[in-house]
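Please consult the sequence and the model shown here while reading.

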Amino acid sequence: MQGIWDQFLKILREEAGSRVVETWFKAVSLQQWDSLGNTVYLEAPNNFVKEWIIGNYLELVRLHLGRLLNVNNVKVVFLDVSLESKQEKKVESPDCKEIDLVPALLDRSGKKALLKQMQSKNRGSFNVSYQFDTFVVGPSNSLASAAARAITEKPGYLYNPLFIYGGSGLGKTHLLHAIGNGIRELDPQASVLYQTADRFVTEFINAIRFDRVHKFQAKYQMVDVLLVDDIQFISNKEQTQEAFFHIFNSLYDSHKQIVFSSDTYPQNIAGIAERLRSRLAWGLVTDIHTPSLETKVAILKRKADLHGEALEDKVAHFIASKVESNIRELEGALIRVLAFASLTQQPVTMELANKVLLRVQGQQVGGADFNRVVKCVSKYFSYNLRDLRSKKRSKELSFARQLAMFLMKRTSDKSLRDIGQFLGGRDHSTVMHALTRVENYLKKNPDFLQKVKRMEREICR
Ligand code: ADP
Ligand code: MG
């Protein structure tokens with residue numbers, strides 16, 4: 001159950017952002033799965049969290065837990081919260097605890113104390129399963145992983161900043177955590193900070209709200225190593241970019257190591273100030289691309305191993321061949337197969353894998369280009385990309401936009417967040433809502449369903 005829940009959180013992090021996971025889902029647990037009643041039982045730390053999840057995320061929970069458990073129409077039931085008997089689990093605030101000291105005012109011993117405070121705060125902030133020795137190296141990622149290893153041994157000397165880019169689910173976050181784990185192992189005194197860019201943005205906004213910008217900057221300028229994940233989420237956030245620019249300069253000037261990950265290379269990130277963009281590319285820019293079949297097989301075997309299961313070669317090949325490009329999907333497929341085998345107490349055979357992965361087969365994993373979807377939608381409706389991205393909401397335009405969202409989700413493995421971002425910076429919940437609306441509409445309009453099927457084929461051709 002824990003494996004499934006962890007996998008679910010990982011997907012949710014992609015779909016809705018890490019802030020949603022940290023705020024609402026971290027303290028929720030998957031207690032039980034009743035396969036006969038098609039019901040999952042969850043436990044929330046309190047009623048507030050429970051109600052919030054039901055009100056805002058229930059569809060997402062059903063969709064992805066359903067997929068992981070390989071069933072349709074899964075029911076979700078929250079067990080009664082018996083708070084008194086238990087120690088209440090704490091929901092971590094999205095904004096890391098502020099450190100109450102400012103470096104400029106510190107003497108040596110003060111600085112040491114602050115570093116200590118930061119280290120204990122940071123302890124555990126890296127995912128322990130994301131290590132170099134759990135990262136399978138192949139031609140698609142060898143450069144990025146070699147660079148990551150090199151800077152782990154000598155942070156701040158070689159490639160600064162190191163910029164790793166590549167598609168979703170190809171191992172960028174894994175490498176960033178491996179760097180963090182590795183540096184901390186070699187030098188437990190080093191202060192290493194990992195942050196996703198969208199959390200950085202939130203934290204910055206809060207800092208402004210509560211008049212703590214100075215402290216905010218100080219916290220980042222203190223570190224020896226700064227790892228910023230998904231830097232593309234800083235796009236169009238001018239003030240945050242400005243703040244980050246100063247942090248970058250100060251760290252860079254004192255030879256502190258900075259590492260970025262992104263879904264695309266620096267020149268390609270939209271809405272980012274030129275001077276920051278150029279700095280992102282000052283050091284080494286390296287990419288991770290989609291893995292070969294051999295690498296996928298090696299990853300599957302390694303992952304199965306970590307779950308204490310031996311995977312036969314031919315089953316590994318089979319699963320690898322079903323999932324086009326994304327390693328997160330690959331892992332998801334493996335977990336589904338292993339979970340199904342263990343729930344039904346069967347051995348992991350080709351037949352079983354085939355049965356479980358049947359659903360993956362028809363779908364195009366990896367994904368069509370959003371622009372193809374837009375082109376296709378524009379052919380049926382007379383709206384272009386600007387219209388779809390605009391705030392205008394006439395009835396027909398809204399529907400065209402929702403249909404575009406639906407088709408993007410159907411023809412790619414992009415997250416709700418990526419789709420919303422692409423279509424005018426909309427929220428993941430807007431996209432979720434659109435999917436439900438279109439689905440309902442299609443159920444009632446079989447003619448239109450045929451049209452949509454044709455559109456899908458056209459997009460995937
Ligand atoms: P990204 O940040 O690029 O979207 P992640 O780092 O989150 O991708 O990787 C998705 C999943 O795939 C993680 O569970 C990660 O451990 C796994 N993964 C990716 N690349 C590798 C690899 N080379 N070896 C082992 N696991 C990998
Ligand atoms: Mg990532």
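The text below moves from the whole chain to the sheet, its helices and a surface patch.

**Overall composition**

The model is predicted. The chain holds 21 helices and eight strands. Of its 461 residues, 53% count as buried. Among the contacts in the chain with a separation of 6 or more, 73% are between residues 24 or more positions apart. The accessible surface amounts to about 22600 Å², and carbon and sulfur atoms contribute 50% of that area.

**The open sheet**

Five strands form an open sheet with parallel pairing, in the order β5-β6-β7-β4-β8. Its edge strands are β5 (192-196) and β8 (284-288), each of which pairs on one side only. On average, neighbouring strands of this sheet are turned by 15° against each other, direction ignored.

| Strand pair | Sense | Bridges |
|---|---|---|
| β5 and β6 | parallel | five bridges |
| β6 and β7 | parallel | four bridges |
| β4 and β8 | parallel | five bridges |

Val192 stands opposite Val225 in β6. Val228 has Phe260 in β7 as its bridge partner, and Phe163 is partnered by Val285 in β8.

**Strand β6**

Strand β6 is largely enclosed by the rest of the structure, because five of its five residues are buried. Burial here means a relative accessible area under 20%. Val225, Leu227 and Asp229 point one way from β6, whereas Leu226 and Val228 point the other way; all are buried.

Helix α7 (residues 172-186) lies across β4, β5, β6 (225-229), β7 and β8, and runs at about 165° to β6. Helix α6 also packs on the sheet, where it touches β4, β7 (257-262) and β8. The direction of α6 makes about 135° with that of β8.

Which residues make the nonpolar surface patch of about 340 Å²? The patch is made by Tyr157, Leu158 and Tyr159. Tyr157 is located in the loop between α6 (142-153) and β4 (162-166). With a relative accessible area of 64%, Tyr157 is exposed, because the cut-off for that class is over 50%.

Technical notes: Residues are numbered from 1 along each chain as its sequence is written. Chains are lettered from A and ligands numbered from 1 in the order in which they are written. This is a predicted model: local features need pLDDT of at least 70, side-chain atom pairs count only at pLDDT 80 or more; totals for chains, interfaces and linings use all residues. Side-chain values use heavy atoms; hydrogens and water are left out. Helices (H or I, at least four residues) and strands (E, at least two) are DSSP runs, numbered from the N terminus. Buried means under 20% relative accessible area, exposed over 50%, partly exposed in between (1.4 Å probe, protein chains only). Contact means heavy atoms within 4.5 Å. Accessible areas come from the Shrake-Rupley method with a 1.4 Å probe; for residues, only the protein chains shown count as cover. Patches are made of residues with over 30% relative accessible area and no salt bridge: like charges are joined within 9 Å, nonpolar side chains (Val, Leu, Ile, Met, Phe, Trp, Tyr) within 5 Å. A salt bridge is a side-chain nitrogen of Lys or Arg within 4 Å of a carboxyl oxygen of Asp or Glu. Two strands pair if DSSP finds at least two bridges between them. Axes are lines fitted to C-alpha atoms, for helices over the stretch in contact, and angles run from 0 to 180 degrees between N-to-C directions.
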